[in-house]
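Please open the model in a viewer and keep the sequence panel beside it.

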Amino acid sequence: SSGIVGGLAIDRDDVCEMVTALLSSEDAKVRESALSALQIRLHSPRVLNALHDAQQGKILEFSREKDVILQVVALIDDDNGRCRFKAVDALSRLVLAFHTEAVVAVARRLADGEEWIRRHAAEIISKALADGNRILGGASPFALTVLETANTELLRATIAAYNLGITLEGGGDVYLRRLAMKGLAAAAADRRAPNKNKDRASKKPP
């Protein structure tokens, strides 16, 4: 099953490479199963900790994930709706951790013709933006530069979601607008915490 394979793929790059190769299959069910397996790897504590380290400038461990992420991002635009949904799902934890490329990729599905897919993308982006104060507030001065780039993309995506919620064919999408407003309201909250971090860093003794 994809769960067993995904568990093996968490630490074994050879298994991960074999699963990643299945993303190019002509069979949508095979692509979907491969995405399910890769999702287990991308959601694993090892990968998420490696992303955190990369945001601090220690990129070696997370560099193992570069090809996997690129291949999953490519399926964001898959012809099959279930594969698009699963690609969004596979990238969701990276979006919540402020991985810029994942944010940009998931944002592409905000205009998806399938309601369940665009709403899933909007839910993830709204949740990430709403959590921005905590993530930015706890960031080191070095990481803050990286995280602010992702935060800018989240803001851009959320504004796009609101606009799409108005202009989508068939009368717009009220749920999309509601999610956008929720995220934007959180983004408008006090963002002084990151600056306090900078101040504390500047006052540290040599």
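Helices, as named in this tour, are DSSP runs of H or I with at least four residues, numbered from the N terminus. The model is a predicted one.

**Stop 1: the whole chain**

Display the protein as a cartoon. Its secondary structure amounts to 12 helices and zero strands, so that the order of elements from the N terminus reads α-α-α-α-α-α-α-α-α-α-α-α. Of the 206 residues, 45% count as buried.

**Stop 2: the loop at S24**

Select S24, which sits in the loop between α2 (13-21) and α3 (28-42). Is S24 buried or exposed? Its relative accessibility is 62%, and S24 therefore counts as exposed. Next, show the side chain of S24 together with the backbone of A21: a polar atom of that side chain lies 2.8 Å from the backbone oxygen of A21. The C-alpha atoms of S24 and A34 are 9.7 Å apart in space, and the two residues are 10 apart in sequence.

**Stop 3: F98 and its backbone**

Move to the loop between α6 and α7, where F98 is found. Inspect the backbone angles here: phi of F98 is positive, at about 65 degrees, although the residue is not a glycine. Because its relative accessible area is 1%, below the 20% limit, F98 is classed as buried.

**Stop 4: the largest pocket**

Select L51, F62, H99, T100 and E101. Among the 16 residues that line the largest pocket, these five lie nearest its centre. The volume of this pocket is about 410 Å³.

Which helices each supply at least two residues of this lining? Colour α4 (45-55), α5 (66-74) and α7 (100-107) to see them. The greatest share comes from α5, which gives four residues. By class, the lining of the largest pocket comprises 10 nonpolar, four polar and two charged residues.

**Stop 5: the second largest pocket**

Select H52, Q55, A97, R134 and I135, the closest to its centre of the 15 residues that line it. At least two lining residues come from each of α4, α6 (81-96), α9 (132-137) and α10 (141-167). Here α4 gives the most, with four residues. The lining of the second largest pocket divides into eight nonpolar, four polar and three charged residues.

**Stop 6: the cavity**

How many cavities of 30 Å³ or more does a search of the whole structure find? The search finds one, and the volume of the largest cavity is about 40 Å³. To display its lining, select L110, A122, I125, S126, A157, T158, A161, L176, L179 and A180. Two or more of these residues come from each of α8 (115-130), α10 and α11 (174-187). The lining of the largest cavity has eight nonpolar and two polar residues, with no charged residue.

**Stop 7: the aromatic pair**

Select F85 and W116 and show their side chains. The structure holds one aromatic pair. The ring centres of F85 and W116 are 5.0 Å apart and the planes meet at 25 degrees, so the pair is stacked; the cut-off for this class is an angle under 30 degrees. The pair links distant parts of the chain, since F85 belongs to helix α6 and W116 to helix α8, 31 residues apart.

**Stop 8: two cysteines**

Finish by selecting C16 and C83. With a relative accessibility of 4%, C16 counts as buried. C83 has a relative accessibility of 0% and therefore also counts as buried. A disulfide is a covalent bond between the sulfur atoms of two cysteines. For a disulfide to be assigned in this model, two cysteine sulfur atoms must lie within 2.5 Å, and by this rule the count is zero.

Technical notes
Residues numbered from 1 in each chain as written. Predicted model: local features only at pLDDT ≥ 70, side-chain atom pairs only at ≥ 80, totals over all residues. Heavy atoms only, no water. 1 Å grid on protein atoms, 1.4 Å probe; cavity = no way out; pocket = protein on both sides within 12 Å on 5 of 7 lines; lining within 4 Å. Points joined across faces, edges and corners; volume = space filled by probe spheres on them. Nonpolar A, V, L, I, M, F, W, Y, C, P; charged D, E, K, R; others polar. Buried < 20%, exposed > 50% of the residue type's maximum accessible area, 1.4 Å probe, protein only. Phe/Tyr/Trp six-rings, centres within 6.5 Å; stacked < 30°, edge-to-face > 60°. Polar contact = N/O pair within 3.5 Å; in protein donor to acceptor, adjacent residues only side chain to side chain.
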